[in-house]
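Hello,

Here is the structure I promised to pass on. Please open it first, then read my notes below.

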Amino acid sequence: MGGERGQASIEVLAGIPALVLAGLIALQLLAAGYSLTLADGAAEAGAMAIAAGRPAAPAVREALPGWAGQRVAVEVRGGRLIVRLRPPSPLGTLARHLEVSSTAWVRRPGDG
């Protein structure tokens with residue numbers, strides 16, 4: 001009887017790291033999904049700024065929370081606006097691999 005109890009304790013202790021790892025992976029994926037939602041909103045804000053004749057980058061940065069200010073890249077080519085955002089992550093390499101982007105198209109004022 002005591003042997004079974006000891007084995008169950010060892011199995012529980014062995015399973016805890018796997019459970020923690022699964023939780024961390026889930027949180028990282030949630031952060032990436034949230035970053036995509038933020039990038040979409042920021043791209044829309046940048047497109048609206050371009051349509052109003054203003055620069056896109058300040059509008060994009062204003063549309064993002066404070067932590068994202070150093071993690072965003074804005075690119076404007078003609079009427080195409082691309083916002084790239086690295087999600088928060090404890091590992092910088094992982095954040096670079098999980099980078100998300102959102103694209104918006106806009107007509108500049110006077111383009112007809």
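**A contact to start with**

The side chains of S102 and D40 make a polar contact, at 2.6 Å. A polar contact is a pair of N or O atoms within 3.5 Å; within protein, one must be able to donate a hydrogen and the other to accept it, and residues adjacent in sequence count only if both atoms are side-chain atoms.

Before you go on, note that this is a predicted model: local features need pLDDT of at least 70, side-chain atom pairs count only at pLDDT 80 or more, and totals for chains, interfaces and linings use all residues. Residues are numbered from 1 along each chain as its sequence is written, and side-chain values use heavy atoms, with hydrogens and water left out.

**Around S102**

S102 sits in strand β3. Is S102 buried or exposed? S102 counts as buried, because its relative accessibility is 8%. Buried means under 20% relative accessible area, exposed means over 50%, and partly exposed is in between (1.4 Å probe, protein chains only). Leaving aside residues up to four places away in sequence, S102 touches A39, D40, A43, L81, I82 and V83. Contact here means heavy atoms within 4.5 Å.

**The chain as a whole**

The chain has three helices and three strands. Along the sequence they follow the pattern α-α-β-β-α-β. The radius of gyration is 22 Å, well over the 13 Å that the globule rule gives for 112 residues, so the chain is more spread out than a compact globule. That radius is taken over C-alpha atoms, and the rule is 2.2 Å times the number of residues to the power 0.38. Helices (H or I, at least four residues) and strands (E, at least two) are DSSP runs, numbered from the N terminus.

The C-alpha atoms fill a box of roughly 85 × 20 × 20 Å, taken along the principal axes. Of the 112 residues, 26% count as buried. Look also at contacts with a separation of 6 or more: 45% of them come from residues 24 or more positions apart.

Two strands pair if DSSP finds at least two bridges between them.

Now take the pairs in turn. β1 and β2 (residues 80-85) run antiparallel and are joined by six bridges. In this pair, V72 stands opposite L85, and E75 has I82 as its bridge partner. Their hairpin has two residues between the strands, and G78 takes a positive phi near 60° there. β2 and β3 also run antiparallel, again joined by six bridges. Here R84 has S101 in β3 as its bridge partner. Keep one rule in mind as you look: in a regular strand the side chains alternate between the two faces of the sheet.

**One proline in a helix**

P58 lies in helix α2 (residues 56-62). P58 is partly exposed, with a relative accessible area of 43%. P58 and P87 are 29 residues apart along the chain, and their C-alpha atoms are separated by 20 Å.

Best wishes
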